[in-house]
Amino acid sequence: MSADTRPLFLAGTLRQTSTSVEVRSPYDGATIARVSAAGPAEYEEAARACTAAAPVVAALPLHERARILRAVSGALRDQREAFAIRLVQEAGKPLRDARTEVDRAAMTFEVAAEEARRLPGAGEVIPMDLASHGEGRIGLTRRVPIGPIAAIAPFNFPLNLVAHKLAPALAAGNPVVLKPASRTPLSALALADLMHEAGLPPGALSVLPMTRETGDLLVQDDRYRLLTFTGSAEVGWALKARAGRKKVVLELGGNAAVIVDDGADLEVAAARAATGGFSYAGQSCISVQRVYVHANVWNAWLAAFLPQVEALVVGDPMDERTAVGPLITPGDVDRIESWVREAVEGGATVLCGGTRRADQLFPPTVLTGVDRQARVCAEEAFAPVVVVERVGSIDEALEAVNASAFGLQAGLFTPRLETALTAFDRLEVGGLLINDVPTYRIDHMPYGGVKDSGLGREGPRYAIEDMTELRLLVIRR
């Protein structure tokens, strides 16, 4: 193993192993780093340490949990530029978006610190005298740590989505073994360093880049009480089937839709849809993928939207002007190019983009006239492609949104409160954004989906609910 290979983080120690993962720049393919990879022996050591650390972490006073979380938040802010550049290098994220991700991760830890302080208020007094045989008794509840947690994070937000696993776990009093995405492990390892420096107990955290085969040990191991996974629907549901008796939280994919109503502010809707559809090259599970526009404003909306899309700068993610950087692999460019070709062969029209610019650069692409069963419409594109369609009514738009197998978030631009409330009643999604795109997320809100988009919710407060168990005490006076 080369001396310049980045060690993995195993139960509070840095460990070199005999195998490594090569981390390459999505933009130019250059090798950024080599990272030690965990095998079955390292995995077993981490699992044992996590199990042994469970009572230690659970016994951490709430003020100490909050102190550690606040310290990590402050360190992220102090090292903002270094973390941002690391995100550009390993994920190909445009620099301005990378800085935003660091800011969001700092907020995630800050909010988790506040939630740790609020944990005593999560219990309640139960009126036992609702029945005669309950007289003379008092019922009390409190939330206790669930125990060891297995976590798997994706490549697209390799810092903040890791923060959404680790910060609430510590706030709730649980140790974690984390598998970061193999293509983007550097930010997670750097975050583990910050948590260790802040005083996290040894054994409370391991960050292990590993093969899928070794990762299967993590999924199937009954020593963990919870598996939390963020990634594709196909992989997530397959993991759940193998997870055994543990609780499972799945934050999965989507093909997020926007509705533009007659009377909406078209300039605002167009600007937000351009940002929501193409930032980070569409590699977000809540990236705008489908837009349904009322026929009365169809032409005016296109006239506002297309220039916004065509003005987006595509290229080097280190360039401050770049809005759309590379896809994570050349294979992803091949895939989305074939999906666009399939849509065109099925009768779709390309309004802009549609042709790759380099091995890993695909331009912002807008299609119309797409068959709703085409993959670019029915599946998760995870690429800078947006399908726009004209609809005759809000009812038609709502039906089109619900026709998807996914249900993560949706957006609706409308001046009418009644339309907004109707959509809230009828749309089968985890979250509805009025006069904004579904790509919006602030890190303390409940975030998650229905149908193929997953189980459970993230956001520190809501993640803590899954990361704790409710315990009841009944006292007979």
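**Salt bridges and a nonpolar surface patch**

R15 counts as partly exposed because its relative accessibility is 25%, where partly exposed lies between buried, under 20% relative accessible area, and exposed, over 50% (1.4 Å probe, protein chains only). The model is predicted, so local features need pLDDT of at least 70 and side-chain atom pairs count only at pLDDT 80 or more, while totals for chains, interfaces and linings use all residues. Residues are numbered from 1 along each chain as its sequence is written, and side-chain values use heavy atoms, with hydrogens and water left out.

The side chain of R15 meets that of E45 in a salt bridge at 2.8 Å, N to O; the term denotes a side-chain nitrogen of Lys or Arg within 4 Å of a carboxyl oxygen of Asp or Glu. This pair links distant parts of the chain, with R15 in strand β2 (residues 13-15) and E45 in helix α1 (residues 40-58), 30 residues apart. Helices (H or I, at least four residues) and strands (E, at least two) are DSSP runs, numbered from the N terminus. E45 is likewise partly exposed, at 36% relative accessibility.

A second salt bridge joins R356 and E337 at 3.0 Å, N to O. E337 is buried because its relative accessible area is 17%, whereas R356 is partly exposed at 24%. The whole structure holds 30 salt bridges, and E44, R48, D221 and R223 are linked in a network of them.

The surface also carries a nonpolar patch formed by V125, I138, L140, L473 and I475. Strands β6 (137-145) and β22 (468-476) each supply at least two of its residues, and V125 lies in strand β5 (residues 125-126).

Key: Patch = residues over 30% accessible without salt bridge, like charges linked within 9 Å, V, L, I, M, F, W, Y side chains within 5 Å. Areas by Shrake-Rupley, 256 points an atom, 1.4 Å probe, with all protein chains shown as cover.
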